[in-house]
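Work through the exercises below with the sequence and the coordinates open. Each task is followed by a stepwise solution.

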Amino acid sequence: MYRKALYRNKRKANLRLGEEKLIETFKDKLKRDKNYFIASFFAVLVAYYALINSGYYYQDDRSRFVYGFTGWSGQARPFSDLFMRIFEVNGHLSDATPIPQIISALLIASCSILIIRSFERIDKTIATMAALLLFLNPFYLQNFSYRFDNLLMTTSVFLVVFSFYCASKNKKPWTALSVTACFLSLCTYQPAVNVFMQLSAAYSTYLIFHKIPKPLKQFLRLTAIFLSSLLIYKIGISLFMPGNKYTSAHSSMASIGDAPTIIEKNIGSFAKIFAEYSDNYFLFLISAIFAIFLFMIVYHSIKNREIKYIACFLYLSISLFFSAGLLALLEEPVFEPRVMLGVGGFASSMILSIPYARKKGIFAQSTKIALSINFLFFSITANAYGNALSYLAKFEHAYFRDIYSNAYEQYVKNDASGYSIIGKNQLPQALVNKEEHDHKLSYLFNHPLDGYWSGKFADSFFKASDKMNYMKISAVDSKVLSKVKKCELNHVERHLGYNIYSAGNLVFVDFDKKCD
């Protein structure tokens, strides 16, 4: 009995000692890495400062601000609805800017620490900059434009990075946590999951270059975690929460027979947007990193005379494929910058894959300089875009209120039963000039009066608009449309940039001015 009691006490003492050492190690690491966390946090705030303060309600933000609803469950994103309840005041979703953006910045900074811990043999500055590249790249501008969705999109990427960090621990409890985090990411914002496979490919390459055993086994294990999460999501969420019409239309997988044609078409669409949208400096950065990566593969293959380095080409191809990833397999995917999170993931994964021989070597120093220049240019671009949105917000408030006032006046005068929009509103000339010089802005600037957002947009101005029944042009009676085409109109009012007239029992706001 005495020996058993002594053994139990000794075991408890060892466990306490182990826990104390673990806590002490964690505290030491936290203290050691806090500067990278702080630097990452302020880098995000500097880059997105003007965008956070733009005062612009972007796309879905308008209806969420007016009606206070969430509605993400209708897009098979139930965790988004649950998470955003913290910003509901008396059941009404509130715009708490800049709190969501600050939380996003904290999550991004946390991603930097998780990447540092996962790729421990890489220079910490480079690992931090690689992590930031997931979020500080032109394709993430649209994600950060949203006042409500931006936190959810950032949370989803954070969950993916956290899932990868847990998976890299290679222990059963961590594996279960990894699958859970990846599943929650899918329940928050599905496109972010591509980043998991890109980090997995980068990690396997990292293991090869640093001569750590069993890189293929580790990659297969990470892939199994990824597929398990997808399967759980498909069974648990997609089947029981099929989503609204929009989600159903854009989330159907291509059939086996049509897959080759659809994948080719989708990759072509993806490449077109990538070429039109990317900034020159971002393209140069990706090209330079890609060249260094290829050089390292060839150099190590010749130097060590080992075939295993050729496997790095395979991992690179996997990372490249997941730039589009699951989008390429869908029948009708939505190709917008906000869903192309894999572009930043590809750039980041390449940087993490490169074996920097010395922390102060030419490749390491060149990478730091290139990433610093990229951050400078991106910050300029992001703040210029944020200031442009601020200008657009002021323009829209005055211009669209004038449009709706005039439309409402004729609506009442003609005792109309509804109103409709022809064409779409034009941007102010200052922003048109910017679009001509920067093609990505044509993807980022939206036209609220384009026939899609019009009804929701009206409600953000004044209560009187509730009395106007909005009707999409596609729902207008063909006889009335025939009158419009023949310019058989009543009470035509000509205004700067648009005309207002009535035909049948409807009022039309005509931006095309075909009957001018």
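**Exercise 1.** In which helix is the place of glutamine 142?

Solution. The model is predicted, with local features needing pLDDT of at least 70, side-chain atom pairs counting only at pLDDT 80 or more, and totals for chains, interfaces and linings using all residues. Residues are numbered from 1 along each chain as its sequence is written, and side-chain values use heavy atoms, leaving out hydrogens and water.
- Step 1: Glutamine 142 falls in helix α7, residues 141-145. Helices (H or I, at least four residues) and strands (E, at least two) are DSSP runs, numbered from the N terminus.
- Step 2: Glutamine 142 counts as buried because its relative accessibility is 0%. Buried means under 20% relative accessible area, exposed over 50%, partly exposed in between (1.4 Å probe, protein chains only).
- Step 3: Leaving aside residues up to four places away in sequence, glutamine 142 touches Tyr58, Gln59, Glu336, Pro337, Arg338, Tyr443 and Leu444. Contact means heavy atoms within 4.5 Å.

**Exercise 2.** Describe how helices α8 and α9 cross.

Solution.
- Step 1: The axes of α8 (residues 149-167) and α9 (residues 172-186) come within 8 Å and cross at roughly 165°. Axes are lines fitted to C-alpha atoms, for helices over the stretch in contact, and angles run from 0 to 180 degrees between N-to-C directions.
- Step 2: This angle makes α8 roughly antiparallel to α9, a label for angles over 145 degrees.
- Step 3: The residues of the contact between α8 and α9 divide into 11 nonpolar, 4 polar and no charged. Ala, Val, Leu, Ile, Met, Phe, Trp, Tyr, Cys and Pro count as nonpolar, Asp, Glu, Lys and Arg as charged, and the others, Gly among them, as polar.

**Exercise 3.** What is the strand order in the open sheet of 4 strands, and how is β5 placed?

Solution.
- Step 1: The order is β3-β6-β5-β4, with mixed pairing. Two strands pair if DSSP finds at least two bridges between them.
- Step 2: The edge strands, each pairing on one side only, are β3 (418-422) and β4 (490-495).
- Step 3: β5 pairs in the antiparallel sense with β4 over 4 bridges and with β6 over 5 bridges. Serine 502 has asparagine 490 as a bridge partner and valine 507 in β6 as another.
- Step 4: In β5, 6 of 6 residues are buried. Tyr498, Ile500 and Ser502 lie on one side, and Asn499, Tyr501 and Ala503 on the other.
- Step 5: Helix α17 (residues 362-413) lies across β3, β4, β5 and β6, at about 20° to β5.

Notes. Angles under 35 degrees count as roughly parallel, over 145 as roughly antiparallel, 65 to 115 as roughly perpendicular and the rest as oblique.
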